[in-house]
Amino acid sequence: MISTKNIRFSYNKEQEFIFPDLYCEAGSTLLITGDSGKGKTTYLHILAGLLKPTKGEIEIDKTDIVSLSEKATDKFRGKHIGVVFQKSYFIAALTVLENLEMASWLATGKKHTKRAKKLLEQLGIENQASKLPSQLSIGQQQRVSIARALMNEPKVLLADEPTSSLDDKNAEKVIDLLTSLSKEYKAALLIVTHDSRIKERFINKITLI
């Protein structure tokens, strides 16, 4: 469902990142690991189309997103790529349910309320739907982030350090939810992490050096 070839990127002339090729099928999970400063989050942003590499190919569902214009990339991302950022970003004035509805409206022009409620139920936070994001715990906010990333039934789900601020119990729950939901929605799941609690659970991984 997602594959890369010869991806390179540089913020300046003095440092260039050369990323290993990767491949992840629909419903499968791939970990991207490595020490700080090795470009894990940069790679995730490139895979999401938020940064454009200086060289290489990124194929998602038979589309090379590197060749797309900025506008076309934004449109493609909205429909086919879900991102769970390390820090949760919400529209503060909207409720949890309204934030999910907004995610679908921006991508499709429709508010998929039924799907939003189903995701909140699957994530065990349906009773938080009418609350503002600021009224939620960090663990609850992370679950809402997962729900939002899945709102448009993406082909690829990207998660940046999804357990870094969670205790052991909640970290395990989040990983279970990410993996089970990615299989249900047939999305390729790529997790950027340095969390040893996650590394022990998956065989399919690449390490940036």
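Me: Which residue takes a positive phi in the hairpin of S5 and S6?
Reply: Asp 61 does, with phi near 50°. That hairpin has 2 residues between the strands. This is a predicted model: local features need pLDDT of at least 70, side-chain atom pairs count only at pLDDT 80 or more, and totals for chains, interfaces and linings use all residues. Residues are numbered from 1 along each chain as its sequence is written, and side-chain values use heavy atoms, without hydrogens and water.

Me: What makes S5 and S6 a pair?
Reply: Two strands pair if DSSP finds at least two bridges between them. S5 and S6 (residues 63-64) have 2 bridges, in the antiparallel sense. So they meet the definition. In S6, Asp 64 is the bridge partner of Glu 59. Strands here are DSSP runs of E, at least two residues; helices are runs of H or I, at least four; both are numbered from the N terminus.

Me: Why is Thr 163 called buried?
Reply: Buried means under 20% relative accessible area, exposed over 50%, partly exposed in between (1.4 Å probe, protein chains only). Thr 163 has 0%, so it is buried. Contact means heavy atoms within 4.5 Å. Beyond its neighbours within four places in sequence, Thr 163 is in contact with residues including Gln 142 and Asp 195.

Me: Which residues of H4 are buried?
Reply: In H4 (residues 113-122), they are Ala 116, Leu 119 and Leu 120.

Me: How do you know that they line one face?
Reply: Seen down the axis, they fall within an arc of 100°, so they line one face of H4. The arc is that of the directions from the helix axis to the C-beta atoms. On the other side, Lys 114 and Glu 121 are exposed.
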